[in-house]
Number of protein chains: 4
Amino acid sequence: MLAGRGRGVIDVGIVGGTGYTAAELVRLLAGHPGVRLRVVTARAEAGTAVAEVFPHLRGRVDLVFSPPTPEVLAECRVVFFATPNGTAMTLVPALLESGVRVVDLSADFRLRDPAAFERWYGMPHPCPDLLPLAVYGLPEQNREAIREARLIANPGCYPTAVLLGLIPLVESGSVRADGLIADCKSGVSGAGRKAALGSLMAEASDSLRAYGVPGHRHLPEIVQALQEHAAGRIELVFVPHLAPMIRGIHATLYAEMIDAATDLQGLCAERYRGEPFVDVMPPGAHPETRSVRGSNVCRIAVHRVGGGRRVVVLSVIDNLVKGAAGQAIQNMNLMLGLEETLGLTQIALLP
Amino acid sequence: MLAGRGRGVIDVGIVGGTGYTAAELVRLLAGHPGVRLRVVTARAEAGTAVAEVFPHLRGRVDLVFSPPTPEVLAECRVVFFATPNGTAMTLVPALLESGVRVVDLSADFRLRDPAAFERWYGMPHPCPDLLPLAVYGLPEQNREAIREARLIANPGCYPTAVLLGLIPLVESGSVRADGLIADCKSGVSGAGRKAALGSLMAEASDSLRAYGVPGHRHLPEIVQALQEHAAGRIELVFVPHLAPMIRGIHATLYAEMIDAATDLQGLCAERYRGEPFVDVMPPGAHPETRSVRGSNVCRIAVHRVGGGRRVVVLSVIDNLVKGAAGQAIQNMNLMLGLEETLGLTQIALLP
Amino acid sequence: MLAGRGRGVIDVGIVGGTGYTAAELVRLLAGHPGVRLRVVTARAEAGTAVAEVFPHLRGRVDLVFSPPTPEVLAECRVVFFATPNGTAMTLVPALLESGVRVVDLSADFRLRDPAAFERWYGMPHPCPDLLPLAVYGLPEQNREAIREARLIANPGCYPTAVLLGLIPLVESGSVRADGLIADCKSGVSGAGRKAALGSLMAEASDSLRAYGVPGHRHLPEIVQALQEHAAGRIELVFVPHLAPMIRGIHATLYAEMIDAATDLQGLCAERYRGEPFVDVMPPGAHPETRSVRGSNVCRIAVHRVGGGRRVVVLSVIDNLVKGAAGQAIQNMNLMLGLEETLGLTQIALLP
Amino acid sequence: MLAGRGRGVIDVGIVGGTGYTAAELVRLLAGHPGVRLRVVTARAEAGTAVAEVFPHLRGRVDLVFSPPTPEVLAECRVVFFATPNGTAMTLVPALLESGVRVVDLSADFRLRDPAAFERWYGMPHPCPDLLPLAVYGLPEQNREAIREARLIANPGCYPTAVLLGLIPLVESGSVRADGLIADCKSGVSGAGRKAALGSLMAEASDSLRAYGVPGHRHLPEIVQALQEHAAGRIELVFVPHLAPMIRGIHATLYAEMIDAATDLQGLCAERYRGEPFVDVMPPGAHPETRSVRGSNVCRIAVHRVGGGRRVVVLSVIDNLVKGAAGQAIQNMNLMLGLEETLGLTQIALLP
């Protein structure tokens, strides 16, 4: 069943091992039957046991954080970058030259246009020549390209939830491209494992607020991906909210139908037929974020409201799994010719 | 300062005393310097101390739940109904005849059209002749009528948050009336103090979901109130969500401007100048629900996005205070000729 | 690797399928490589898809709730009872006669003394003759007896956390048997999937309280299990608390050493050496409940305080896994001669 | 009613205005009818509006943070220190000389023994001569001394909850002084408004853990206060826990009775008769932390367990109110000869 088994174990590595997406990568890779997690790097924590920083891994993961040495990484077949924006782009070129394939969970290779990158991320892109090489790692959109890719730009968490909800509507031309709204609610783990005042439990729990209304970095990423499928110009209003929960994204998507007779429920079901990780729920459903907690699943429900022309699509994911680490492993599976669902069949934890 | 002081104490009563809005009425009235809470009724709990059901009132409230006897209620100047829908409308007619003034926190008198009431609430209205008498108790909209009213239909929690955010835009004709969206997030206390599976902490915490997308009872209430101010026909998509917090509503409101040159920030600031309980925040702000927790305040922020024609208004309230009990007391103050803010100046509890 | 594989698939069943422990049994059994979940019964929901009640199982579990028909259950090798107290004891005798082996997650067979059962559970025991047959299913205490058992009394959640923490101290005679205190904090899922006012999120979140101080049903169960190992008479003060979290038990255990020179850390480490699901943490550690969320692990830390004679043991489990469904499957594995850890190696979900 | 009214307004000030206890001081003082909050200092935020840092104060507090200038503080009758440990002791001597009275909410003046201070806080005490002057500000213990005090050491949050629960038992000699246990659970606001990894919502919510088991700074403070009342030597085991809630301390206190015939319920009720802020609940009660959320109340319940000799006392407070800012204002009221409850009669916010 395992591609490469005859050729021995497949080694993989993680750069930037102390954040939440890295912890999820480690959790999922520790139980992955097709690869071996060989190295997890963390500059400041080099020498410390991974399970000392993440006690839930005690007894299951005995790796020690390594310094980010290129030599060890070069011996991996796939390397994941779970680093802050701006780091992968300095290390990826050399790794690619060593023949290593890269899945970058940061934003470094998501935007095709280096000028757009510079505008939204506040730094020039050091290797714009690599941008055309990068494949946007949304398997439901780019599965075949991902199989052949050497460099994957793993989608952001909001983009994953929004795109999976809107793609069927946009690529079928069923809705006005210039009238899209994405009202998104995220759990606090989306802010990362960083000591920031606004992420304190005493600040963020038992409360809800929008943020980044004037402009959020995930907006150009969503628009770029949608535009590929759209006839007209995509105009999207994107409002993220911080919700008092640990994991989960709930995207509430609003669009206006062009032909009120279109069967959107059927269209979505058809678009995702056979997709292992997209669950189009029956009419009338309201997916809960907890129904995907810890799992690589996106659940979608489609509603017609307001006399019929208005569509509301509800889309939920776990931001750390389908929105980050799970999708990264799904991409890795595709790149390695493994079964796409390998190591990713965990059922959500509920309650 | 107190109207009526010379004429002695002003007695008020509550019908239906065991829910969350009743508990808030008791909390706020216990500290209200202008009235005396004389009676709190609860059929099943009659004879039990109020502070036994609500231990936070121990030492501060020594009332005992009464049976809902008309005679005692008739001795009150104002009676609040904190009953489930369908109850107030059976008791209010007699009370009004006794000269008592009524603030009904249920939905019984909110919809002017008895047919609409029957359609949305699944029961015929027994006293449709009283509907024209009822004043919709949103002081920022109907202050003068409230002063004279004998019967107040206290607004729902979602309608309060949505209306305060949209009224300036709609009544000024600044936005398209037929392109409104209200994406609302509510804490779980909005579901009331009822033992329901979906409201269990093990079900509702650490998760978020939409509900009632096909149709929610607060939709016709919002549309009715907005329509009064609108030139064109109001079309509103309203999607409520259950957020994992106790109190708070966050309404994220989307609209399309008619003239991109309109100064919406100034317009909102002007509309609410002098309003004691509406805080129009400075440009760029993102109000948090916790910033109004336990207080009668609505905070609003106005954002222009998407190149300028799209507006996003953020509006937050405490669903149990400005969205229920606080607003009811604000209405009472107006009806009794008291200072509008009397007993309502609590600062929000943060953190 | 699988016992019984040669003889075909091993079928198992669940009686009482709509509670949280049942949902966890389904989640864990759906991924268990050694058995097949054949039937889940639920009288009121018979005919409904399991995944309709528990949407996190959509796409992974296609069973439909069955009525509790003895014939189907009799075809299972092992049947789990996830029923309220008082149900298993009416159905177990017939099942045992059919040769089915039973793991009862309720309290029906936990207390050896039928009089104690009647006193604590308020009903006479209908089959006291089966009580001597029942093995208390704490593998770390009774592994060999469990292998041979036909009827397992699966331990309560509090008893599991308390016993794993105290057994090394008590059976080694290191602490005074009559001076034990267990201060326990549980998440709300411990109260079950029942619509009860006190379990509402609006009641239980952002708060903490003790309950059952005058007497809790888990007390005699803990004392009975400890007494087996103790020289003197066990006297235990047990105070459970409801903590505002979904899952998890944190037991803080206080004892007084007999000889201050005893190496308790070493003693605990030695006692649990080789145990697959007990993690004795290094000196100075403070285990978090989330470090075992969703996993079958118990983490323990041992502290000496107050000049040396006082011991504080911290013990954490997931009440629904090691405290219920996970331990039940661990027992099943032992009964069936399977690898003890089969299907139970999920890593905790953190954050 | 107001002492000093005839002599004009009483000005008070706060040093260190950006933490949670400062925010609570501001909230409570803004509604206090007997004093005027004149100055709030914050070195780094000087010039910023207080309501910009704490948006819940918008519209109610128009102060701007000042630099900590001694001249302005010297014009206040009372100055509160809400500073980190180590700051008050450098500024207090000069203020006292100016005739200002000081309530220090930090730990600087709590321990009488400068050597103990140095051992627990890791710094020498710069003004040990002031220590004998400082009165420990627990009004239920030291009311008369507080009235005359120039310098109040405001008790820590844990000590307040523990002392109010244990004082009746210890000072009456009803329990063994050397067998006390305090198992305490605190909300996360107790850790202060500091960006620390362990206080992130993604780290601290939906989980519970003990901390500081080997030794916590509140232990010597509790022992010192209890020792004053005890015949024998106090031995106390103190284990604090971080609970996933914002506010609240629940102290579960264990003791062993000397004479099993003592009526502890009566003794506690008698001890606190007339106390405005201590509520001895009826037998069998289990106080919830939320029942005091935002209020200055301590609720206590007394239980006899384990055959009668063991006592369990449950004591709950809001750590930021009775455990900090509320108690500080209670002390201020006493010092100024005002009504002790002035400005402190807020009812808890529930739900």
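**Notebook: chain C against chain A**

I superposed chain C on chain A and got a rotation of 180 degrees with 0.0 Å of shift along its axis, at RMSD 0.0 Å (least squares on the C-alpha atoms of residues with pLDDT of at least 70 in both copies). The two copies are therefore related as by a two-fold rotation axis. I also noted that 100% of the contact residues of chain C recur in chain A, so the same surface serves both copies.

The model is predicted: local features need pLDDT of at least 70, side-chain atom pairs count only at pLDDT 80 or more, and totals for chains, interfaces and linings use all residues. Residues are numbered from 1 along each chain as its sequence is written, chains are lettered from A and ligands numbered from 1 in the order written, and side-chain values use heavy atoms, without hydrogens and water.

Next I looked up the contact (heavy atoms within 4.5 Å). Chain C gives 31 residues and chain A gives 31 residues. The buried area (accessible area, 1.4 Å probe, that two parts lose on being put together, summed over both) is about 2,600 Å² between these chains, and carbon and sulfur atoms give 63% of that.

I then checked for salt bridges (a side-chain nitrogen of Lys or Arg within 4 Å of a carboxyl oxygen of Asp or Glu). The interface of chain C and chain A has two. One of them joins C:Asp279 to A:Arg58, with the closest N and O atoms 2.6 Å apart.

The most comes from α1(C), with four residues.

Definitions and conventions
Helix = DSSP H or I, 4+ residues; strand = E, 2+ residues; numbered from the N terminus.
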